[in-house]
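Thanks, everyone. I'll take a pocket and then a ligand site. Please have the structure open.

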Amino acid sequence: MKINSKTKTVCLLGHPIEQSFSPSIHNYLFEKYNKNYTYICFDVNPGDLKKGIQGLRALKIFGCNVTIPHKVDVIRYLDEVDKNAKLIGAVNTIKNEGGILKGYNTDGKGFVKSILDKGYDLKGKKVMIIGAGGSCRSIAVELASNNVELIEIRNRSEERAKNITLMLNENFDIKVQYSTKKIETADLDSIDILINTTPIGMGTSECPIDESIIPNKKLLVCDIVYKPHDTNFIKWGCKNGFDTIYGIDMLINQGLEAFYIWTNINPTKEDQNAIKKFYLDSIK
Ligand SMILES: NC(=O)c1ccc[n+]([C@@H]2O[C@H](COP(=O)([O-])OP(=O)(O)OC[C@H]3O[C@@H](n4cnc5c(N)ncnc54)[C@H](OP(=O)(O)O)[C@@H]3O)[C@@H](O)[C@H]2O)c1
């Protein structure tokens, strides 16, 4: 990659940012598609976000990703926010359109792309989501936008599950319900897709479901935790002979969706595989 006076900057705003995989995704794609852009990370402390966004405007930064802890607060500093990002209440991607900063959320879209890429059709599907945090909210909005029939949220506590259920019921014509009960075998009889959006399993061998459960029907099992790559939830899905979707797929696909927003280029399956290979090599 040759940086010159015409190079456009795309960046990440977050705190901390050292662990981010986004520079590897985007610098690979900028080079592959011959775009004179470069992707760098800025560590923006909590409390400095307003100045960070003023900096984007002053420096005419072309585009940006936003990560923890700024995804919710950033909305107040933007000029426009995409409809689904407004419902989600968080933005992870910004495009600077001639000085107008427009916000998007590609987390749920990236997750949905992982399912569609696997050849599944979401229309009419019944989905159970474990957890009711920020990622559940973004995934649920995109599943609802893709006409699933039912979303059931299972969370250990009520408040956030109830809030997401209310928001989905107000905005989409699908069935949405929640429960704080532990998942039992019979609960899985009527669903098609089971998704873990809690951090359970991140860096540990814990599993968000009782691993002795053997479902009576075939499920698509999806984890959004990506460290370790093979979580115990994914292993539970494989042990039962189910199709599985890994956390890394959402991580890569949310990046590909952001790349499309900035460049109007849809990266290929080959790009996805190449990026996945860097990632898997980097954690060996
Ligand atoms: N693959 C990707 O691209 C991607 C993207 C985003 C996030 N993630 C991962 O997804 C995970 C969740 O992120 P998030 O932003 O949604 O987090 P979050 O907003 O903090 O929400 C976490 C949810 O999990 C529940 N939870 C947390 N610990 C639990 C436990 N020990 N037992 C049962 N439930 C528990 C919480 O329940 P309460 O409501 O009761 O607190 C909450 O509903 C993280 O591990 C994150 O790294 C992956």
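How do the residues lining the second largest pocket divide into nonpolar, polar and charged? Keep in mind that this is a predicted model. The lining has four nonpolar, five polar and five charged residues.

In total, 14 residues line the second largest pocket. Nearest its centre are Ser-114, Asp-249, Lys-269, Gln-272 and Lys-276. Domain 1 (8–105 + 249–282) and domain 2 (108–245) each supply at least three lining residues.

Now the ligand. There are 19 residues around it, and the nearest are Ala-132, Ser-135, Asn-155, Ser-157 and Ile-224. The shell splits into eight nonpolar, nine polar and two charged residues.

A side-chain N or O atom of Arg-160 is 3.3 Å from a ligand oxygen. For Gly-133, a backbone N or O atom lies 3.4 Å from an oxygen of the ligand.

How much of the ligand does the protein bury? On its own, the ligand exposes 930 Å², and the protein buries 72% of that. Helix H5 (134–145) and H8 are the elements that give two or more residues to the shell. H8 gives the most, with three residues.

Conventions:
Residues are numbered from 1 along each chain as its sequence is written. This is a predicted model: local features need pLDDT of at least 70, side-chain atom pairs count only at pLDDT 80 or more; totals for chains, interfaces and linings use all residues. Side-chain values use heavy atoms; hydrogens and water are left out. On a 1 Å grid over the protein atoms alone, a cavity is a set of points where a 1.4 Å probe fits but cannot get out, and a pocket is an open set with protein on both sides within 12 Å along at least five of seven lines; lining residues have an atom within 4 Å of a point. Ala, Val, Leu, Ile, Met, Phe, Trp, Tyr, Cys and Pro count as nonpolar, Asp, Glu, Lys and Arg as charged, and the others, Gly among them, as polar. Domain bounds come from an automatic or database domain assignment. A residue is near a molecule or strand if one of its heavy atoms lies within 4 Å of it. A polar contact is a pair of N or O atoms within 3.5 Å; within protein, one must be able to donate a hydrogen and the other to accept it, and residues adjacent in sequence count only if both atoms are side-chain atoms. Accessible areas come from the Shrake-Rupley method with a 1.4 Å probe; for residues, only the protein chains shown count as cover. Helices (H or I, at least four residues) and strands (E, at least two) are DSSP runs, numbered from the N terminus.
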